[in-house]
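Below are some notes on the model under review.

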Amino acid sequence: MPDVSAPVIKLVRRTTEPVAAQTLRSTAAAVISFVVALMVLPAQPAPLTAPLTALLVVQVTLYATLTTGIRRVNSVVVGVLIAIGFTALVGLTWWSLGLTIFTSLIIGRFVRVDEFVPEVAISAMLVLGVSQATSAAWHRVLETLIGAGVGLLFNLLFAPPVWTQSAGTSIEGLARGMGRMFRTMGAEVAEGHIPFPHAAARLHEARRLDHDIVEVDASLRQAEESLRMNPRVREGLLSRVVLRTGLDTLEICAVVLRVLTRSMTDLAKFRTEESLFPADVSAGLKELFGQMADAIESFALLITTQVAANAEDAEERLADALAASRVTRDRVADMLLEDVQEHPRQWQLHGALLAEIDRILDELDLDKRSERLMQELDRRSAELSERHPRLAALRRRLRGEGGTERRPGVET
(Lines give C-alpha, C1' and ligand atoms only; values in the text may rest on other atoms or scores of the structure.)
Protein backbone atom coordinates (compact mmCIF):
# COMPACT_ATOMS: atom_id res chain seq x y z
CA MET A 1 0.00 0.00 0.00
CA PRO A 2 1.54 3.38 -0.93
CA ASP A 3 2.41 5.82 1.84
CA VAL A 4 -0.10 8.57 2.41
CA SER A 5 0.99 11.84 3.92
CA ALA A 6 -0.44 12.95 7.27
CA PRO A 7 -2.09 16.12 5.84
CA VAL A 8 -3.99 14.04 3.28
CA ILE A 9 -5.23 11.66 5.98
CA LYS A 10 -6.31 14.61 8.12
CA LEU A 11 -8.19 16.17 5.19
CA VAL A 12 -10.03 12.92 4.44
CA ARG A 13 -11.05 12.59 8.08
CA ARG A 14 -12.40 16.12 8.15
CA THR A 15 -14.51 15.59 5.04
CA THR A 16 -16.12 12.50 6.56
CA GLU A 17 -17.01 14.16 9.86
CA PRO A 18 -20.56 15.50 10.46
CA VAL A 19 -19.19 19.05 10.74
CA ALA A 20 -19.39 19.58 6.99
CA ALA A 21 -22.98 18.33 6.85
CA GLN A 22 -23.92 20.52 9.80
CA THR A 23 -22.44 23.61 8.10
CA LEU A 24 -24.48 23.00 4.94
CA ARG A 25 -27.64 22.33 6.93
CA SER A 26 -27.33 25.53 8.96
CA THR A 27 -26.66 27.62 5.86
CA ALA A 28 -29.59 26.15 3.95
CA ALA A 29 -32.00 26.63 6.87
CA ALA A 30 -30.97 30.27 7.32
CA VAL A 31 -31.43 31.06 3.62
CA ILE A 32 -34.80 29.33 3.45
CA SER A 33 -36.07 31.18 6.53
CA PHE A 34 -34.97 34.50 5.02
CA VAL A 35 -36.85 33.77 1.79
CA VAL A 36 -39.98 32.74 3.70
CA ALA A 37 -39.81 35.89 5.86
CA LEU A 38 -39.52 38.05 2.71
CA MET A 39 -42.63 36.41 1.31
CA VAL A 40 -44.61 36.89 4.53
CA LEU A 41 -43.34 40.43 5.27
CA PRO A 42 -42.57 41.95 1.85
CA ALA A 43 -42.96 45.59 2.88
CA GLN A 44 -40.67 45.40 5.89
CA PRO A 45 -36.89 45.95 6.07
CA ALA A 46 -34.64 42.94 5.58
CA PRO A 47 -36.00 40.37 8.08
CA LEU A 48 -32.62 39.22 9.34
CA THR A 49 -34.08 38.01 12.62
CA ALA A 50 -35.55 34.99 10.81
CA PRO A 51 -32.27 33.60 9.42
CA LEU A 52 -30.52 34.45 12.67
CA THR A 53 -33.07 32.43 14.62
CA ALA A 54 -32.89 29.54 12.15
CA LEU A 55 -29.10 29.55 12.35
CA LEU A 56 -29.19 29.30 16.13
CA VAL A 57 -32.07 26.84 16.25
CA VAL A 58 -30.57 24.32 13.82
CA GLN A 59 -28.15 22.84 16.32
CA VAL A 60 -26.05 19.72 15.89
CA THR A 61 -28.74 17.44 17.33
CA LEU A 62 -32.51 17.22 16.98
CA TYR A 63 -32.98 17.27 20.75
CA ALA A 64 -30.96 20.49 21.04
CA THR A 65 -32.90 21.98 18.14
CA LEU A 66 -36.26 21.36 19.81
CA THR A 67 -35.23 22.61 23.24
CA THR A 68 -33.24 25.56 21.90
CA GLY A 69 -36.02 26.64 19.54
CA ILE A 70 -38.58 26.77 22.34
CA ARG A 71 -36.30 28.72 24.66
CA ARG A 72 -35.32 31.18 21.94
CA VAL A 73 -38.91 31.94 20.95
CA ASN A 74 -39.79 32.43 24.62
CA SER A 75 -36.91 34.86 25.07
CA VAL A 76 -37.94 36.98 22.07
CA VAL A 77 -41.62 37.07 22.99
CA VAL A 78 -40.86 38.03 26.60
CA GLY A 79 -38.48 40.77 25.46
CA VAL A 80 -41.02 42.16 23.01
CA LEU A 81 -43.77 42.26 25.64
CA ILE A 82 -41.48 44.09 28.05
CA ALA A 83 -40.60 46.65 25.35
CA ILE A 84 -44.25 47.24 24.46
CA GLY A 85 -45.04 47.90 28.11
CA PHE A 86 -42.20 50.41 28.59
CA THR A 87 -42.93 52.15 25.27
CA ALA A 88 -46.56 52.66 26.22
CA LEU A 89 -45.63 54.07 29.63
CA VAL A 90 -42.43 56.13 29.32
CA GLY A 91 -40.94 55.93 25.83
CA LEU A 92 -37.20 55.84 25.14
CA THR A 93 -34.88 57.69 27.51
CA TRP A 94 -31.52 56.82 29.04
CA TRP A 95 -33.11 55.72 32.29
CA SER A 96 -35.96 53.81 30.62
CA LEU A 97 -33.36 51.96 28.50
CA GLY A 98 -31.43 50.99 31.61
CA LEU A 99 -34.61 49.99 33.41
CA THR A 100 -35.71 47.95 30.39
CA ILE A 101 -32.42 46.05 30.26
CA PHE A 102 -32.45 45.46 34.02
CA THR A 103 -36.05 44.26 33.99
CA SER A 104 -35.46 42.02 30.97
CA LEU A 105 -32.45 40.32 32.54
CA ILE A 106 -34.33 39.74 35.79
CA ILE A 107 -37.46 38.38 34.10
CA GLY A 108 -35.33 36.26 31.78
CA ARG A 109 -34.06 34.34 34.81
CA PHE A 110 -37.58 33.47 35.87
CA VAL A 111 -38.96 32.36 32.49
CA ARG A 112 -36.21 29.71 32.20
CA VAL A 113 -34.72 30.58 28.84
CA ASP A 114 -31.27 29.54 30.13
CA GLU A 115 -28.51 30.78 27.79
CA PHE A 116 -30.94 33.12 26.01
CA VAL A 117 -31.37 35.50 28.94
CA PRO A 118 -29.41 38.22 27.08
CA GLU A 119 -31.75 37.69 24.10
CA VAL A 120 -34.65 38.94 26.23
CA ALA A 121 -32.88 42.26 26.77
CA ILE A 122 -31.70 42.45 23.13
CA SER A 123 -35.24 41.94 21.82
CA ALA A 124 -36.56 44.58 24.21
CA MET A 125 -33.92 47.13 23.16
CA LEU A 126 -34.46 46.57 19.43
CA VAL A 127 -38.19 47.10 19.78
CA LEU A 128 -37.85 50.00 22.25
CA GLY A 129 -35.88 52.09 19.74
CA VAL A 130 -38.49 51.83 17.00
CA SER A 131 -41.03 54.62 16.63
CA GLN A 132 -43.90 52.30 15.78
CA ALA A 133 -43.06 49.93 18.58
CA THR A 134 -46.15 47.77 18.48
CA SER A 135 -45.91 47.03 14.76
CA ALA A 136 -42.16 46.41 14.93
CA ALA A 137 -42.59 44.21 17.98
CA TRP A 138 -45.01 41.82 16.36
CA HIS A 139 -42.95 41.77 13.17
CA ARG A 140 -39.94 40.70 15.23
CA VAL A 141 -41.99 37.99 16.92
CA LEU A 142 -43.22 36.81 13.53
CA GLU A 143 -39.68 36.73 12.12
CA THR A 144 -38.53 34.75 15.13
CA LEU A 145 -41.37 32.27 14.74
CA ILE A 146 -40.57 31.87 11.02
CA GLY A 147 -36.89 31.23 11.74
CA ALA A 148 -37.64 28.80 14.55
CA GLY A 149 -40.31 27.01 12.51
CA VAL A 150 -38.05 26.60 9.49
CA GLY A 151 -35.24 25.35 11.73
CA LEU A 152 -37.46 22.80 13.43
CA LEU A 153 -38.99 21.57 10.16
CA PHE A 154 -35.56 21.41 8.55
CA ASN A 155 -34.26 19.11 11.28
CA LEU A 156 -37.41 16.98 11.17
CA LEU A 157 -37.18 16.52 7.39
CA PHE A 158 -33.38 16.26 7.27
CA ALA A 159 -32.42 14.59 10.51
CA PRO A 160 -29.11 15.79 11.93
CA PRO A 161 -26.15 13.42 11.92
CA VAL A 162 -25.50 10.97 14.72
CA TRP A 163 -22.19 11.71 16.43
CA THR A 164 -21.52 8.22 17.75
CA GLN A 165 -18.71 7.65 15.27
CA SER A 166 -16.69 10.61 16.52
CA ALA A 167 -17.38 9.61 20.14
CA GLY A 168 -16.34 6.04 19.36
CA THR A 169 -13.13 7.29 17.79
CA SER A 170 -12.39 9.32 20.93
CA ILE A 171 -13.03 6.32 23.17
CA GLU A 172 -10.81 4.10 21.05
CA GLY A 173 -8.10 6.77 21.10
CA LEU A 174 -8.25 6.87 24.91
CA ALA A 175 -7.97 3.07 25.08
CA ARG A 176 -5.03 3.04 22.66
CA GLY A 177 -3.27 5.63 24.81
CA MET A 178 -3.75 3.48 27.90
CA GLY A 179 -2.62 0.39 26.00
CA ARG A 180 0.48 2.23 24.83
CA MET A 181 1.29 3.10 28.43
CA PHE A 182 1.00 -0.53 29.50
CA ARG A 183 3.29 -1.70 26.72
CA THR A 184 5.84 1.01 27.50
CA MET A 185 5.81 0.04 31.18
CA GLY A 186 6.32 -3.59 30.22
CA ALA A 187 9.28 -2.73 28.01
CA GLU A 188 10.85 -0.63 30.77
CA VAL A 189 10.39 -3.38 33.38
CA ALA A 190 11.97 -5.93 31.03
CA GLU A 191 15.08 -3.76 30.76
CA GLY A 192 15.76 -4.28 34.47
CA HIS A 193 16.73 -1.13 36.29
CA ILE A 194 14.35 1.83 35.90
CA PRO A 195 15.71 5.23 36.93
CA PHE A 196 13.40 7.11 39.26
CA PRO A 197 12.95 10.07 36.83
CA HIS A 198 11.70 7.66 34.14
CA ALA A 199 9.20 6.08 36.51
CA ALA A 200 8.05 9.52 37.68
CA ALA A 201 7.57 10.60 34.06
CA ARG A 202 5.32 7.59 33.54
CA LEU A 203 3.29 8.63 36.59
CA HIS A 204 2.81 12.14 35.20
CA GLU A 205 1.74 10.64 31.87
CA ALA A 206 -0.90 8.59 33.66
CA ARG A 207 -2.13 11.69 35.47
CA ARG A 208 -2.58 13.45 32.13
CA LEU A 209 -5.14 10.82 31.19
CA ASP A 210 -7.63 12.90 33.20
CA HIS A 211 -7.48 15.61 30.52
CA ASP A 212 -8.07 13.01 27.79
CA ILE A 213 -11.09 11.66 29.67
CA VAL A 214 -12.59 15.15 29.91
CA GLU A 215 -12.30 15.57 26.13
CA VAL A 216 -13.77 12.12 25.47
CA ASP A 217 -16.63 12.87 27.88
CA ALA A 218 -17.47 16.06 25.97
CA SER A 219 -17.52 14.13 22.69
CA LEU A 220 -19.69 11.43 24.25
CA ARG A 221 -22.17 13.98 25.63
CA GLN A 222 -22.64 15.32 22.12
CA ALA A 223 -23.15 11.78 20.82
CA GLU A 224 -25.68 11.00 23.56
CA GLU A 225 -27.66 14.11 22.71
CA SER A 226 -27.59 13.27 18.99
CA LEU A 227 -29.23 9.91 19.77
CA ARG A 228 -32.15 11.46 21.62
CA MET A 229 -35.35 11.93 19.57
CA ASN A 230 -33.43 11.11 16.37
CA PRO A 231 -35.60 9.27 13.82
CA ARG A 232 -32.50 7.57 12.44
CA VAL A 233 -31.96 5.69 15.70
CA ARG A 234 -34.15 2.83 16.89
CA GLU A 235 -32.46 1.92 20.18
CA GLY A 236 -31.10 5.29 21.20
CA LEU A 237 -31.28 4.59 24.93
CA LEU A 238 -29.37 1.32 24.59
CA SER A 239 -26.67 2.97 22.48
CA ARG A 240 -26.28 5.79 24.99
CA VAL A 241 -26.02 3.39 27.92
CA VAL A 242 -23.46 1.19 26.15
CA LEU A 243 -21.19 4.13 25.39
CA ARG A 244 -21.61 5.86 28.77
CA THR A 245 -21.02 2.77 30.90
CA GLY A 246 -18.08 1.86 28.67
CA LEU A 247 -16.44 5.22 29.24
CA ASP A 248 -17.11 4.90 32.98
CA THR A 249 -15.23 1.60 32.96
CA LEU A 250 -12.29 3.07 31.07
CA GLU A 251 -12.22 6.01 33.48
CA ILE A 252 -11.96 3.62 36.44
CA CYS A 253 -9.19 1.72 34.66
CA ALA A 254 -7.36 5.00 34.06
CA VAL A 255 -7.54 5.82 37.77
CA VAL A 256 -6.21 2.39 38.71
CA LEU A 257 -3.50 2.73 36.07
CA ARG A 258 -2.41 5.95 37.71
CA VAL A 259 -2.21 4.19 41.08
CA LEU A 260 -0.26 1.34 39.46
CA THR A 261 2.30 3.74 38.03
CA ARG A 262 2.59 5.28 41.50
CA SER A 263 3.45 1.85 42.92
CA MET A 264 6.07 1.38 40.21
CA THR A 265 7.47 4.85 40.94
CA ASP A 266 7.75 4.06 44.65
CA LEU A 267 9.62 0.85 43.84
CA ALA A 268 12.01 2.77 41.59
CA LYS A 269 12.54 5.29 44.38
CA PHE A 270 13.64 2.60 46.86
CA ARG A 271 15.58 0.40 44.42
CA THR A 272 17.90 2.95 42.90
CA GLU A 273 20.87 0.63 42.31
CA GLU A 274 19.12 -2.59 41.31
CA SER A 275 16.41 -3.98 39.09
CA LEU A 276 12.83 -3.55 40.19
CA PHE A 277 12.18 -7.28 39.82
CA PRO A 278 14.12 -10.45 39.06
CA ALA A 279 14.49 -11.35 35.38
CA ASP A 280 11.71 -13.96 35.41
CA VAL A 281 9.26 -11.59 37.11
CA SER A 282 10.16 -8.77 34.71
CA ALA A 283 9.51 -11.04 31.71
CA GLY A 284 6.17 -12.10 33.20
CA LEU A 285 5.13 -8.51 33.89
CA LYS A 286 6.02 -7.47 30.36
CA GLU A 287 3.81 -10.24 29.00
CA LEU A 288 1.03 -9.39 31.45
CA PHE A 289 1.08 -5.66 30.64
CA GLY A 290 0.93 -6.46 26.93
CA GLN A 291 -2.10 -8.70 27.47
CA MET A 292 -3.82 -6.05 29.59
CA ALA A 293 -3.20 -3.51 26.81
CA ASP A 294 -4.89 -5.88 24.36
CA ALA A 295 -7.81 -6.29 26.77
CA ILE A 296 -8.38 -2.56 27.17
CA GLU A 297 -8.22 -1.94 23.42
CA SER A 298 -10.57 -4.88 22.76
CA PHE A 299 -13.00 -3.52 25.36
CA ALA A 300 -13.08 -0.13 23.62
CA LEU A 301 -13.66 -1.84 20.29
CA LEU A 302 -16.51 -3.86 21.80
CA ILE A 303 -18.45 -0.86 23.12
CA THR A 304 -17.98 1.20 19.95
CA THR A 305 -18.76 -1.52 17.38
CA GLN A 306 -22.14 -1.19 15.65
CA VAL A 307 -22.25 -4.37 13.53
CA ALA A 308 -23.23 -7.52 15.40
CA ALA A 309 -20.62 -9.74 13.71
CA ASN A 310 -17.82 -7.31 14.55
CA ALA A 311 -19.11 -7.03 18.11
CA GLU A 312 -18.88 -10.80 18.50
CA ASP A 313 -15.29 -10.73 17.24
CA ALA A 314 -14.43 -7.93 19.66
CA GLU A 315 -16.06 -9.81 22.54
CA GLU A 316 -14.11 -12.94 21.68
CA ARG A 317 -10.86 -10.98 21.54
CA LEU A 318 -11.62 -9.40 24.91
CA ALA A 319 -12.44 -12.77 26.49
CA ASP A 320 -9.19 -14.26 25.17
CA ALA A 321 -7.12 -11.30 26.37
CA LEU A 322 -8.70 -11.44 29.85
CA ALA A 323 -8.19 -15.20 30.11
CA ALA A 324 -4.54 -14.91 29.10
CA SER A 325 -4.04 -11.98 31.51
CA ARG A 326 -5.42 -13.94 34.45
CA VAL A 327 -3.19 -16.92 33.74
CA THR A 328 -0.12 -14.70 33.48
CA ARG A 329 -1.17 -12.74 36.56
CA ASP A 330 -1.29 -15.94 38.65
CA ARG A 331 2.14 -16.97 37.40
CA VAL A 332 3.59 -13.54 38.20
CA ALA A 333 1.96 -13.64 41.67
CA ASP A 334 3.71 -16.94 42.44
CA MET A 335 7.06 -15.54 41.30
CA LEU A 336 6.55 -12.35 43.32
CA LEU A 337 5.77 -14.42 46.41
CA GLU A 338 9.05 -16.28 46.04
CA ASP A 339 10.87 -13.00 45.47
CA VAL A 340 9.36 -11.44 48.60
CA GLN A 341 10.46 -14.39 50.72
CA GLU A 342 14.03 -13.91 49.52
CA HIS A 343 13.95 -10.09 49.49
CA PRO A 344 11.23 -8.87 51.90
CA ARG A 345 11.88 -5.16 51.29
CA GLN A 346 8.88 -3.21 49.98
CA TRP A 347 6.71 -6.33 49.98
CA GLN A 348 3.61 -4.16 50.38
CA LEU A 349 4.27 -2.57 46.97
CA HIS A 350 4.26 -6.02 45.36
CA GLY A 351 0.86 -6.70 46.89
CA ALA A 352 -0.43 -3.31 45.79
CA LEU A 353 0.77 -4.00 42.24
CA LEU A 354 -1.16 -7.27 42.09
CA ALA A 355 -4.27 -5.68 43.63
CA GLU A 356 -4.27 -2.91 41.02
CA ILE A 357 -3.92 -5.44 38.21
CA ASP A 358 -6.84 -7.40 39.64
CA ARG A 359 -9.01 -4.28 39.77
CA ILE A 360 -8.44 -3.52 36.11
CA LEU A 361 -9.16 -7.11 35.03
CA ASP A 362 -12.29 -7.11 37.19
CA GLU A 363 -13.56 -3.87 35.62
CA LEU A 364 -13.11 -5.31 32.12
CA ASP A 365 -14.84 -8.59 32.95
CA LEU A 366 -17.61 -9.46 30.48
CA ASP A 367 -20.05 -10.73 33.11
CA LYS A 368 -19.63 -7.56 35.16
CA ARG A 369 -20.10 -5.55 31.98
CA SER A 370 -23.43 -7.26 31.23
CA GLU A 371 -24.61 -6.82 34.82
CA ARG A 372 -23.78 -3.12 34.76
CA LEU A 373 -25.68 -2.67 31.50
CA MET A 374 -28.79 -4.36 32.91
CA GLN A 375 -28.68 -2.25 36.06
CA GLU A 376 -28.30 0.99 34.12
CA LEU A 377 -31.12 0.11 31.72
CA ASP A 378 -33.41 -0.73 34.62
CA ARG A 379 -32.50 2.53 36.36
CA ARG A 380 -33.20 4.59 33.23
CA SER A 381 -36.51 2.76 32.73
CA ALA A 382 -37.52 3.47 36.33
CA GLU A 383 -36.66 7.17 35.92
CA LEU A 384 -38.74 7.30 32.74
CA SER A 385 -41.70 5.73 34.55
CA GLU A 386 -41.46 8.27 37.36
CA ARG A 387 -41.30 11.26 35.01
CA HIS A 388 -43.88 10.03 32.50
CA PRO A 389 -46.17 7.48 34.22
CA ARG A 390 -48.85 7.62 31.50
CA LEU A 391 -46.34 6.98 28.75
CA ALA A 392 -44.84 4.11 30.72
CA ALA A 393 -48.29 2.59 31.29
CA LEU A 394 -49.07 2.86 27.57
CA ARG A 395 -45.81 1.13 26.70
CA ARG A 396 -46.55 -1.70 29.15
CA ARG A 397 -50.01 -2.20 27.62
CA LEU A 398 -48.56 -2.27 24.12
CA ARG A 399 -46.00 -4.85 25.15
CA GLY A 400 -48.69 -6.93 26.77
CA GLU A 401 -50.83 -6.84 23.62
CA GLY A 402 -47.88 -7.77 21.44
CA GLY A 403 -46.79 -10.60 23.69
CA THR A 404 -43.11 -9.66 23.51
CA GLU A 405 -40.82 -8.12 26.10
CA ARG A 406 -38.17 -5.63 25.06
CA ARG A 407 -35.66 -3.47 26.80
CA PRO A 408 -36.67 0.17 26.92
CA GLY A 409 -35.61 2.16 23.90
CA VAL A 410 -37.85 5.20 24.23
CA GLU A 411 -36.00 8.47 24.09
CA THR A 412 -35.90 10.61 27.19
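1. How much of the chain over residues 23-42 is helix and how much is strand, and how far apart are the end C-alpha atoms? This stretch is 90% helix and 0% strand, with its end C-alpha atoms 28 Å apart. The UniProt record, an unreviewed entry, places the feature "transmembrane region" at residues 23-42, 48-66 and 78-108. UniProt positions follow the numbering used here, feature names are shortened, and annotations may be inferred rather than shown by experiment.

2. On provenance: the model is predicted, with local features needing pLDDT of at least 70 and side-chain atom pairs counting only at pLDDT 80 or more, while totals for chains, interfaces and linings use all residues. Residues are numbered from 1 along each chain as its sequence is written, and side-chain values use heavy atoms, with hydrogens and water left out.

3. The chain has 16 helices and zero strands; helices (H or I, at least four residues) and strands (E, at least two) are DSSP runs, numbered from the N terminus. Of its 412 residues, 45% are buried, where buried means under 20% relative accessible area, exposed over 50% and partly exposed in between (1.4 Å probe, protein chains only). Among contacts (heavy atoms within 4.5 Å) with a separation of 6 or more, 80% are between residues 24 or more positions apart.

4. Two packed helices are described by the angle between their axes and the distance between the axes. Axes are lines fitted to C-alpha atoms, for helices over the stretch in contact, and angles run from 0 to 180 degrees between N-to-C directions. Angles under 35 degrees count as roughly parallel, over 145 as roughly antiparallel, 65 to 115 as roughly perpendicular and the rest as oblique.

5. Helix H8 (residues 164-190) and H12 have axes that come within 8 Å and cross at roughly 175 degrees. H8 is therefore roughly antiparallel to H12. The contact of H8 with H12 divides into 16 nonpolar, six polar and six charged residues. For these classes, Ala, Val, Leu, Ile, Met, Phe, Trp, Tyr, Cys and Pro count as nonpolar, Asp, Glu, Lys and Arg as charged, and the others, Gly among them, as polar.

6. Glycine 179 is in helix H8. Its relative accessibility is 0%, so glycine 179 counts as buried. Leaving aside residues up to four places away in sequence, glycine 179 touches Ala293 and Glu297.

7. Met181, Thr184, Met185 and Glu188 of H8 meet Arg202, Glu205 and Ala206 of H9. By class, that contact has three nonpolar, one polar and three charged residues.

8. The axes of helix H12 (residues 279-304) and helix H14 (residues 347-363) come within 12 Å and cross at roughly 25 degrees. H12 is therefore roughly parallel to H14. Leu285, Leu288, Phe289 and Met292 of H12 are in contact with Leu353, Ile357, Ile360 and Leu361 of H14. The contact of H12 with H14 has eight nonpolar, no polar and no charged residues.

9. Threonine 328 is in helix H13 (residues 308-342). With 2% relative accessibility, threonine 328 counts as buried. Residues up to four places away in sequence aside, threonine 328 touches Gly284, Glu287, Leu288 and Gln291.
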